[in-house]
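Biologist: I am new to this structure. Please show it to me, and then I will ask how each term is applied.

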Amino acid sequence: MYLKEKLGESYSFRAENIPSVKDICKWVIGSQYGRLTNTDFTPNSDFQIFISSTYPDTVKECFPLKRNNIAEDIYTKTAVLNAIEVVSSEIKKIYELPPSPIDSYSIFSEIKCTHSPLYLGGRYNKYSRELSQTPWILDGERKMESSVNELIVDIVQKRILADKIIFSASGREDVDVKMLGNGRPFVLEVINPRCLEWTSKEIKAIEDEINCNSNIIAVRDLQVISKMDTLILKEGEEKKRKSYIALCLVKKTLTSEDVTKLESLKDLKLEQKTPIRVLHRRTLATRERLLHSIQAKIIGEHLLELKLETQAGTYVKEFIHGDFGRTSPSLGTLLDTTADILELDVENIHLDWPPKS
């Protein structure tokens with residue numbers, strides 16, 4: 001405002017071209033920290049320093065703007081700029097232009113150092129039908145003693161000091177479903193780790209401790225990965241195939257013709273409405289999924305073992321029992337009978353991830 005008044009038509013600065021006080025502070029202070037730490041200052045560094053500062057005269061200096069829509073003690077940048085815009089014609093009555101030198105100074109009240117996350121990738125097996133992938137808490141009450149998440153993260157937290165460790169996996173199996181074969185890919189995001197250099201020997205020791213600590217899960221291929229590797233995992237979720245073993249109970253007496261009929265099916269299209277069992281947490285929709293192949297084996301007059309290879313996201317339990325007609329076709333409609341599932345195991349997740357350690 002002062003320059004506009006002095007320069008008149010010669011004033012040509014656009015507001016967005018004027019650096020903010022915040023940016024200037026970063027340029028000045030950042031270079032000083034660079035010299036102190038003998039390294040280059042760069043705004044996109046993995047190591048970040050957060051500085052909180054307080055200025056004792058904020059209220060005194062901004063008080064004249066209070067009558068212009070600034071709430072009590074809430075002097076945000078946006079609020080101040082909006083208030084100044086409202087009183088721009090009277091600004092010289094409220095403040096000196098240019099502003100007079102200050103009497104007090106900003107004080108650094110807190111300095112906090114953080115580092116970008118460390119990522120660990122691996123695969124886990126689950127051998128229990130009474131273990132959830134993540135803590136199962138319903139209406140504030142814990143339903144199971146532990147989870148895959150906790151059995152892995154609790155050990156890692158003892159070895160790697162960090163603010164927090166976030167567990168995520170490529171899909172999930174139900175509580176009563178075993179995860180066999182080469183396991184399910186998972187990622188640990190280690191928030192603000194205090195140590196970044198981990199040898200393969202040290203990571204193997206963490207993996208061994210997890211495996212020795214429990215007989216209902218196992219971890220393999222644990223390794224340090226990059227953030228890009230985590231993105232590759234997410235991209236592969238929808239494209240991967242999964243293999244299952246299902247033990248099924250059918251009403252009719254099974255024959256070899258039933259086996260032949262099932263095994264002749266290739267890339268069978270399923271129309272699946274969101275299952276009743278997950279409607280409380282998933283949007284109601286009809287999804288098309290492919291059942292790539294079926295291998296069938298009769299193990300009793302009414303017992304059938306199926307080996308299924310499916311597209312990611314297929315509700316296998318619902319394919320077996322039909323979910324009151326919400327999945328079509330289902331095993332029951334294909335064999336002209338009714339069917340239900342007794343046991344289900346994930347045998348393989350066809351995703352080459354993480355890179356073999």
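Modeller: Buried means under 20% relative accessible area, exposed means over 50%, and partly exposed lies in between, with a 1.4 Å probe and protein chains only. By that rule, buried residues make up 36% of the 357 residues in the protein chain. This is a predicted model, in which local features need pLDDT of at least 70, side-chain atom pairs count only at pLDDT 80 or more, and totals for chains, interfaces and linings use all residues. Residues are numbered from 1 along each chain as its sequence is written, and side-chain values use heavy atoms, with hydrogens and water left out.

Biologist: Why is Gln223 called buried?

Modeller: Its relative accessibility is 13%, and the limit for buried is under 20%. Gln223 therefore counts as buried.

Biologist: Which strand holds Gln223?

Modeller: Gln223 lies in strand E8, residues 217-225. Strands (E, at least two residues) and helices (H or I, at least four) are DSSP runs, numbered from the N terminus. The protein chain has eleven helices and 14 strands.

Biologist: What does the side chain of Gln223 reach?

Modeller: The side chain of Gln223 reaches the backbone oxygen of Asp221 at 3.0 Å.

Biologist: How does the radius of gyration of the protein chain compare with that of a compact globule?

Modeller: The radius is taken over C-alpha atoms, and the globule rule is 2.2 Å times the number of residues to the power 0.38. For 357 residues a compact globule would have a value near 21 Å, but the protein chain has 31 Å. The C-alpha trace spans about 95 × 50 × 40 Å along its principal axes.

Definitions and conventions. Polar contact = N/O pair within 3.5 Å; in protein donor to acceptor, adjacent residues only side chain to side chain.
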